[in-house]
Amino acid sequence: MKTPLYCLFISLCSIGLHAQNTLSGNLSGWEPANAQILTGMNAPIQIGTIAENGAFTIELTKDFVEKTLQGIDGFNENSDDWKASISNVGKAFSCNSETVEIVNSEEPVINVANFGNYGLGNIDERKMYGSFMMVNNQEFGSAFKAFGKYETKKGYYLDWYYFENAASVNGECSMESYALNQEESYMAKNIYELNFKPGWNIVKYEVVEVFEDRDGKTYESVALWKTLDELPADVQYIYFAK
């Protein structure tokens, strides 16, 4: 059964992007009371708050980076099976070095969202209300969260990446991929237009084209990774209740 969805429509005039690392606005239709905006691989890290009236603020600071690294160290200390680590630019984005130009490939990659999702909850009460995504429409967000069901739709989500030093990935690469039925194939392409600056960067991941097999299942056939200087005009915040 699919997770219930509640759309949080945001008036574009109420959104404020201050410098590189603060996002604020007002979420209409927010039913729970005060909540924290959370992320993190191991332990939850608070990056913002939502008030009873729907006003929200996300603050991204160097403290998040330090807590992320501490969380990885803590995970590794308690795990005997496998170890976590921070990826770098070359590993995270390149699929063919001959067609993709990479500058500063060893630069560590630290991003905020978990597969495009930002958690909503209360750390002290150990309670989660659900999550939200920064996307262009509800249909894309719903399909993206249904990973593995092959219901891919066109659209994008936004994430935030932190870099100590400038780095870039530009170009495209593709590889032949097979549909679930193992009889139909298509070319899966990644296009990179990533120019990272020191500090926080907005990154858009967009499914540009979709391949549909004869059974009606859909797959990402062309995906675009791109850094942005500001939030897109059509961005929406879609709330997924737990």
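This is a predicted model: local features need pLDDT of at least 70, side-chain atom pairs count only at pLDDT 80 or more; totals for chains, interfaces and linings use all residues.
**Aromatic pairs**

A pair of aromatic rings is described by the distance of the centres and the angle of the planes. Rings count as paired here if their centres lie within 6.5 Å, and by this rule the model has 19 aromatic pairs. One of them joins Phe64 and Trp200, a tilted pair with 5.9 Å from centre to centre and 50 degrees between the planes. The two residues are 136 residues apart, and their pair links distant parts of the chain. Phe64 belongs to helix H1 (residues 62-77), while Trp200 belongs to strand S14 (residues 199-212). Buried means under 20% relative accessible area. Phe64 has 5% relative accessibility, so Phe64 counts as buried. Trp200 also counts as buried, because its relative accessibility is 5%.

Another pair consists of Phe211 and Tyr219. Planes under 30 degrees apart count as stacked, those over 60 as edge-to-face, and the rest as tilted. The planes of Phe211 and Tyr219 stand at 35 degrees, with the ring centres 6.1 Å apart, so this pair is tilted. Phe211 and Tyr219 are both buried.

Aromatic residues also form a cluster. Its members are Phe93, Phe140, Phe144, Tyr157, Tyr161, Phe163, Tyr192, Phe196, Tyr205 and Trp225.

**Lysines over rings**

| Lysine | Ring | Distance from the ring centre |
|---|---|---|
| Lys145 | Phe240 | 4.7 Å |
| Lys204 | Tyr156 | 5.4 Å |

Which part of the chain forms strand S10, and how many of its residues are buried? Strand S10 spans residues 127-135, and seven of its nine residues are buried, which leaves the strand mostly covered.

S10 pairs with strand S9 (residues 117-122): the two run antiparallel and are joined by six bridges. Within this pairing, Leu120 has Gly130 in S10 as its bridge partner. S9 and S10 form a hairpin with four residues between the strands. In that hairpin, Arg126 takes a positive phi near 55 degrees.

S10 is also joined to strand S16 (residues 236-241), again by six bridges and in an antiparallel arrangement. Here Val135 stands opposite Gln236 in S16.

In short, S10 is mostly covered, and S10 has antiparallel bridges to S9 and to S16.

Conventions
Residues are numbered from 1 along each chain as its sequence is written. Side-chain values use heavy atoms; hydrogens and water are left out. Rings of Phe, Tyr and Trp (its six-membered ring) pair if their centres lie within 6.5 Å; planes under 30 degrees apart count as stacked, over 60 as edge-to-face and the rest as tilted. Buried means under 20% relative accessible area, exposed over 50%, partly exposed in between (1.4 Å probe, protein chains only). A charge sits over a ring if NZ of Lys or CZ of Arg is within 6 Å of the ring centre and within 35 degrees of the ring normal. Two strands pair if DSSP finds at least two bridges between them.
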